[in-house]
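I opened this model to look up its confidence, its helices, its core and the contact between its chains. The entries follow in the order in which I checked them.

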Amino acid sequence: MSSYARQDDSAGTVIKDNPHDSEGMRYLDSRLRRFVTTYLPLSVFVFVLLFPFYWMSITALKPNHQLTDYDNYSPFWVSEPTLRHIRYLLFETSYPNWFWNTIVISVAATFISLVFAVFAAYAIERLRFSGSRWVGLSIFLAYLVPPSILFIPLALIVFKLGLYDSPLALILTYPTFLMPFCTWLLMGYFRSIPYELEECALIDGASRWQILTKITLPLAVPGLISAGIFAFTLSWNEFIYALTFIASSENKTVPVGVLTELVRSDVYEWGSLMAGALLGSLPVVILYSFFVEHYVSSMTGAVKE
Amino acid sequence: MTVQQPNTTADQASAAGRSKAGFRAASILEDRNVLGFLFMLPAATLLLVFLTYPLALGVWLGFTDTRIGREGVFVGLENYEILWGDSVFWLSVFNTLLYTTVASVFKFALGLWLALLLNQHLPFKAFLRAIVLLPFVVPTVLSAIAFWWIYDAQFSIISWALIELGLIDARINFLGDPTNARASVIAANIWRGIPFVAITLLAGLQTIPQSLYEAATLDGATAWQRFRFITLPMLTPIIAVVMTFSVLLTFTDFQLIYVLTRGGPVNATHLMATLSFQRAIPGGQLGEGAAIAVAMIPFLLAAILFSYFGLQRRKWQQGGRD
């Protein structure tokens, strides 16, 4: 550690003349040390974090006889890739049903949460009605209530409302964890829009409704996209409500369906299980890849106060 | 239908505003308290019906002997008395605390390390950050299924690789042995949690002014001192929030255990959430399941208060005001 420090010390005295000072004091590090301290651990991290996806994909493409035969075939590669597992999923199981259910439920729950959250966040942040601070705080607390302590009483409520085994049960309950999050995020976003814009419009005689739809919302579009993307992936990810409130095979969502319907006997169909996991992950991964910046900003925005 | 409501009120408002008699109605709608109430109405209704009410109902259910298909009656603390003498319940409390503590410590340490690595000048930095976050984006159940296959007793790729490398002689029984099973589920949880901690801390790191490091270097601070006296104090507020979230999510985890072990072997990996589910839904004992869920609340409150006050004290020590 001390030799490391000394070298950085000498770097520090030189750096005053260095035009690339955004490089910090690292530019004098020897290549080898940079490899050991940065690239090596980083590669290990990336390898470990991505390996399960590689393993998932390669298993989904392997023919059954190669799946467990590590002696004759290299486990890390597939010699004769097959789409048999994917075809099985699409044509011999209810997988397309689950997929469609998950899309409908996620889109509907996200839409409801976003619309409600826009009004709530605008009211708390901009109308500043009396008690809005407390309402804002209770929204944040609602955000911290985990689904695993709510699912039992919710199951009773869902049953009494006659929504058991209906997608509506999930569309109505998912907003309980999506909406507090969206509201919290949009409150932060509305706060960043200059208040003067609204004041000008108010003086010009615009109603609150006009201000919200014509001024605030168009400026908040990036925030809306962030909240929407994140809410969509959260509802795609949801498991415990879907497991508890849905019984019949054709109404299940992808995570529940893959786990409860594809695992039938003691002999696991690893190929089709992995294909199911892979296909089920694709929509959120594709969405994420288009909106990485929005996703990250909503994730980090959620933990900022 | 409720979504439409503000729309129609606003239409009514503009329509009313045109007629003289409706002028007062329009000005009421411009009142911030009335309008605030109307704007809050959809969100508040939904949260009251599907969040506040179930929370209260859950506490009430804990005091009843409700079963699936049968209304319960008030039985006082009977559920809690049963749980008090139930060794499986105490085992699940122990497992939950172990799971949360070990996983959170590793997620924090490895997440911070990864954040510091990603904060350096790297080629393809944006791309790296994007792929590092993948484990957090992919649905937990689906990645847990991949781990299930990786942890397979016979065909585990980890066992195979370690045997090929000559490091072990026999296959590892990842999920069949109590100690191994605990370690395996914790490892899978850490795997999923690292990206969240790393990317949020990275966002925090990027807000630290570079000039602080330059000044410290000119004053002869070592790399460790720069980390200890600049990075860590500047990062403390965001660390507290991130770790509160991480602890909450880990403590109430359900999906990973449900996929990998369902609480087994011999309840060694049962968490409070999975035990609550098992007693309530397949077991039909809604009252007892609700009591277990309610028993999680004090721990959650403690975690929130701990990090909140920890954060306050740190800020005060740093001489910060806000």
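I began with one residue: beyond its neighbours within four places in sequence, Ala117(A) is in contact with Met179(A), Cys182(A), Thr183(A), Leu186(A), Ala227(A) and Ala43(B). I count two residues as in contact if their C-beta atoms, placed from the backbone, lie within 7 Å.

Ground rules. The model is predicted, and I take local features only at a pLDDT of at least 70 and side-chain atom pairs only at pLDDT 80 or more, while totals for chains, interfaces and linings use all residues. Residues are numbered from 1 along each chain as its sequence is written, with chains lettered from A and ligands numbered from 1 in the order in which they are written.

Confidence. I looked up the pLDDT (the predictor's confidence in each residue, from 0 to 100) and found an average of 84 for chain A, with 88% of the residues at 70 or above. Residues 1-22 of chain A fall below 50, and this stretch has 20 contacts in the model beyond near neighbours in sequence.

Secondary structure. I took helices (H or I, at least four residues) and strands (E, at least two) as DSSP runs, numbered from the N terminus. Chain A has 16 helices and zero strands; chain B has 15 helices and zero strands.

Burial. I call a residue buried if 20 or more other C-beta atoms lie within 10 Å of its own, exposed if 12 or fewer, and partly exposed in between, with C-beta atoms placed from the backbone. Of the 305 residues in chain A, 43% are buried; of the 322 residues in chain B, 40% are.

Contact range. In chain A, 76% of the contacts with a separation of 6 or more join residues 24 or more positions apart. For chain B I read 67% between residues at least 24 apart, among contacts at least 6 apart in sequence.

Core. A nonpolar core is a set of buried Ala, Val, Leu, Ile, Met, Phe, Trp, Tyr and Cys residues joined through C-beta atoms within 7 Å. The largest has 156 residues, and Ala117(A), Ala120(A), Leu186(A), Ile145(B) and Leu260(B) touch the most other members. Helix α5 (residues 95-127) of chain A gives the most to this core, 17 residues.

Interface. The contact involves 84 residues of chain A and 81 residues of chain B. On the chain B side, helix α3 (residues 32-61) supplies the largest share, 18 residues.

Ala290(B). This residue lies in helix α15 (residues 286-317) of chain B. Ala290(B) is buried, with 29 other C-beta atoms within 10 Å. Among the residues Ala290(B) touches are Ile152(A), Pro153(A) and Gly58(B).

Positive phi. Which loop holds Arg262(B)? Arg262(B) is in the loop between α13 (255-260) and α14 (272-280) of chain B, with phi near 55°. Asn267(B) is in the loop between α13 and α14 of chain B, with phi near 65°.
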